[in-house]
Every structure is written in structure tokens, then in C-alpha cells.
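Let's learn to read a protein model together, one feature at a time. Have a look at the structure first.

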Amino acid sequence: GKKFLAENAKKPGVKTLPNGVQYRVIKEGNGPIPKDTSAVKVHYEGKTIDGKVFDSSVERGEPAEFGVTQVIRGWQEALKLMCKGEKLQVWIPSDLAYGTGGAGDMIKSNATLEFEIELLDIIKPEPKVEKAAEEAVESAEKVVNKAVEKVDKAAKKAAKKAEKAVKKTEKK
């Protein structure tokens, strides 16, 4: 992996981050950039450096959605470089991928990995339960306030009628 990355760094368009992640822009994007707190929708293909595909949302025909911090560290670094709509080719050193443990039969211990990642969208987070509860309480308060106003009007109207009835009775 180290030898591969050293040679790869010399190729045109390949940039190397201080942590060793390398990337090349395939397609420029122009939208927002995800943060650690973002969730993203991506299409990707993952390969070992000998070209064997071990995972591909493209082959499944279904983009993947996950939080930026829910993936390997090399992906996290790459995602936070990307604009919405951008597509990168990314090479991730083993210590920022699956390290000495590897992952399954396809990703061996200390494997350097290659990915093509296309950032399709930054997903708007679902409203927090507390926020939804606050909105429900505000809505209920508005309904109660309107009901109180109607009751007050009806009470004032009834009081006026009662007052007129009392005056009529007093006159008799």
C-alpha cells in the first residue's frame, strides 16, 4: 500500500492530504460541502488496489445514505472536501480504512483502498423530537387561546342578555 501510494502521488491531478489520503477530481461540484454533523447521499464503488470491487452502490442501483462520521476516517476526510455534485477518485491508506483488522474476505489486513465517490446530496436532518414537541405545544396553545376567546365573547354576550333581562324585570 505504501509503495502504491508513493507512485500514485506522482500521477497528474492526484493530490495528497497531510494524513495520506489521496484524491483526484473526476467531476467538479458546485453545491454545499458536508460537515461532521451532515448526512449524505452518495453513489460509490470500492476496490482493493489490485482492482477487485468489494462494494458498489452503483452496481446495486441504489445510492447510500449515512452520516459523515458513520464511515471510515478516510471517507470522512474525502466527504468534507466535496461539493454537492462532485465526484472523486480517492485512495485511502489502511490506517484510515480498516487497519490491521481488515473487513471480511475481500479487504485484507493493512489494505489500501480505492473509491469513486459521487456526492449526490446533503440530506436535511429530520427535526428533533424536542422541536416537534415544542411545535405541537405551540399549536395546542393557539387552539386553546382561540377557544378561550370564543368562550369570553359568548360569556360577555350572555352577560349582556342577562343584564337586559334583569332591567326588564325591574321595570315590571
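A: Strand 6 (residues 87-92) is mostly covered, with 5 of its 6 residues buried. Buried means under 20% relative accessible area, exposed over 50%, and partly exposed in between (1.4 Å probe, protein chains only). Strands (E, at least two residues) and helices (H or I, at least four) are DSSP runs numbered from the N terminus. The model is predicted: local features need pLDDT of at least 70 and side-chain atom pairs count only at pLDDT 80 or more, while totals for chains, interfaces and linings use all residues. Residues are numbered from 1 along each chain as its sequence is written, and side-chain values use heavy atoms, leaving out hydrogens and water.

Q: Which strands pair with strand 6?
A: Two strands pair if DSSP finds at least two bridges between them. Strand 2 (residues 22-27) pairs with strand 6 in the antiparallel sense over 5 bridges, and tyrosine 23 stands opposite valine 90. Strand 7 (residues 113-123) is also antiparallel to strand 6, over 6 bridges; here glutamine 89 faces glutamate 116.

Q: What is the phi of asparagine 110?
A: Most residues other than glycine have a negative phi. Asparagine 110 has a positive phi of about 60 degrees, although it is not a glycine. You can find asparagine 110 in the loop between strand 6 and strand 7, where it is partly exposed at 44% relative accessible area.

Q: How many aromatic pairs are there in the whole structure?
A: A pair of aromatic rings is described by the distance of the centres and the angle of the planes. Rings of Phe, Tyr and Trp (its six-membered ring) pair if their centres lie within 6.5 Å; planes under 30 degrees apart count as stacked, over 60 as edge-to-face and the rest as tilted. A search of the whole structure finds 4 pairs. In one of them, phenylalanine 66 and tryptophan 75 have ring centres 5.6 Å apart and planes at 65 degrees, so the pair is edge-to-face. Tryptophan 75 also forms an edge-to-face pair with phenylalanine 115, at 5.4 Å centre to centre and 85 degrees between the planes. That pair links distant parts of the chain, as tryptophan 75 is in helix 3 and phenylalanine 115 in strand 7, 40 residues apart.

Q: Is valine 68 buried or exposed?
A: Valine 68 counts as buried, at 0% relative accessibility. Its place is the loop between strand 5 (64-67) and helix 3 (73-79). Contact means heavy atoms within 4.5 Å; beyond its neighbours within four places in sequence, valine 68 touches residues including Pro34, Val40 and Leu79.
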